[in-house]
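Subject: Structure for your files

Hello,

Here is the structure I said I would send. My notes on what was found in it follow below.

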Amino acid sequence: MQTSKLIMLDTETTGLRPQDGHRIIEIGAVVVMNREITNEHYHQYINPQFAVDAEALAVHGLSNEFLSDKPLFSRVVDEFIEFVKGSELVIHNAAFDVGFINHELNLCGKDFEIEDLCKITDSLDFAKRKHPGAKNNLDALCKRYGIGNEHRTLHGALLDSEILAQVYLAMTGGQTKLNLENNQSQNSQSQTFNLDALPELIKVSANQEELEQHQAWLEKHGSEDNPFLWNQ
C-alpha cells in the first residue's frame, strides 16, 4: 500500500477488552511529514454509551458524565476514516487500539477493517526489539531519549500521540532535516571526513557470569508493563 503520510495515533477506552463491550472514548492523531511533526491533527472525544471502568478512569480521567454530551462513534466515523485512510499508522501496542477501532467499525456496519485502509506499524514492538528486556512504555522511552513529558499527569490520546511522535523519531534516528542557514553561518567552507582514518571499533562481549546475572535480573523484575498501559 502506498502511503503519503505518517500518522501517530492513540486511543483511550472504557476498559481493556472490546469483547466485553468496552468502547473507544477518545482518539488522538498527529501527522508527521518528512520526519517533521506537523500541526495537522485529529482529536475527538466519543460517548461510549458504556460504563467507564474505575481502573480506566484512574488512567485517563474521562468520566461518563464528561462524555455524555459527546458524539457517538457512528457520527464521527466517516471523518476519522477520511483523515487516516492511505496513511501509515504508528501506534504503541497496535493490537490494542486496532482491536478497538475494528470493533467500532463493525458496530457501525462497515464491511472493512482499519488494516484495509492503512499500513499499521507497532512502535511498541519496534521498541522491544531495539531495547530487549527493558520497559518500553512511553514514560520509559521518554526518559531513555531525554524527551520531556512532565506535563503528562494523565493519559490523553492527543497528548500521547504527540509524545509518541517525538519518541518514534528518536527511536528511528531522530530528525533528519538540518538547519542549513545556521550551518552556513558557522561553516563557510564545506568539510570532508576520511572514514578510513577512524579507529576500529572495539567489540566487548559479556562473559558467562554477566549473562547469568542479567538473566536473573530479568526473571526477578520482568519486562512487561501494566496491561492497561501497554498502548501508552
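Helices (H or I, at least four residues) and strands (E, at least two) are DSSP runs, numbered from the N terminus. Read that way, the order along the protein is β-β-β-α-α-α-β-α-β-α-α-α-α-α, which comes to 9 helices and 5 strands.

This is a predicted model, in which local features need pLDDT of at least 70 and side-chain atom pairs count only at pLDDT 80 or more, while totals for chains, interfaces and linings use all residues. Residues are numbered from 1 along each chain as its sequence is written, and side-chain values use heavy atoms, with hydrogens and water left out.

Overall figures

The protein has 232 residues, and 39% of them count as buried (under 20% relative accessible area, with a 1.4 Å probe and protein chains only). A contact means heavy atoms within 4.5 Å. Of the contacts between residues at least 6 apart in sequence, 71% join residues at least 24 apart.

Nonpolar cores

A nonpolar core here is a set of buried Ala, Val, Leu, Ile, Met, Phe, Trp, Tyr and Cys residues joined through side-chain atoms within 4.5 Å. The largest one has 26 residues, and L9, I27, F80, V84, L89 and I114 have the most contacts inside it. Two or more residues each come from β1 (6-13), β2 (24-33), α3 (73-84), β4 (88-91) and α4. Helix α3 gives the most, with 7 residues. Leaving out residues up to four places away in sequence, I114 touches F80, V84, L89, V98, I101, N102, L105 and I120. Another core, of 16 residues, lies apart from the largest one and includes L6, V90, L141 and I147.

Aromatic residues

Rings of Phe, Tyr and Trp (its six-membered ring) pair if their centres lie within 6.5 Å; planes under 30 degrees apart count as stacked, over 60 as edge-to-face and the rest as tilted. The structure holds 6 aromatic pairs. In one of them, F96 and F100 have ring centres 5.2 Å apart and planes at 45 degrees, so the pair is tilted. Both residues lie in helix α4 (residues 94-107), 4 residues apart, about one turn of the helix, and both F96 and F100 are buried. Y42, F73, F80 and F83 form one aromatic cluster.

Regards

Definitions and conventions: Buried < 20%, exposed > 50% of the residue type's maximum accessible area, 1.4 Å probe, protein only.
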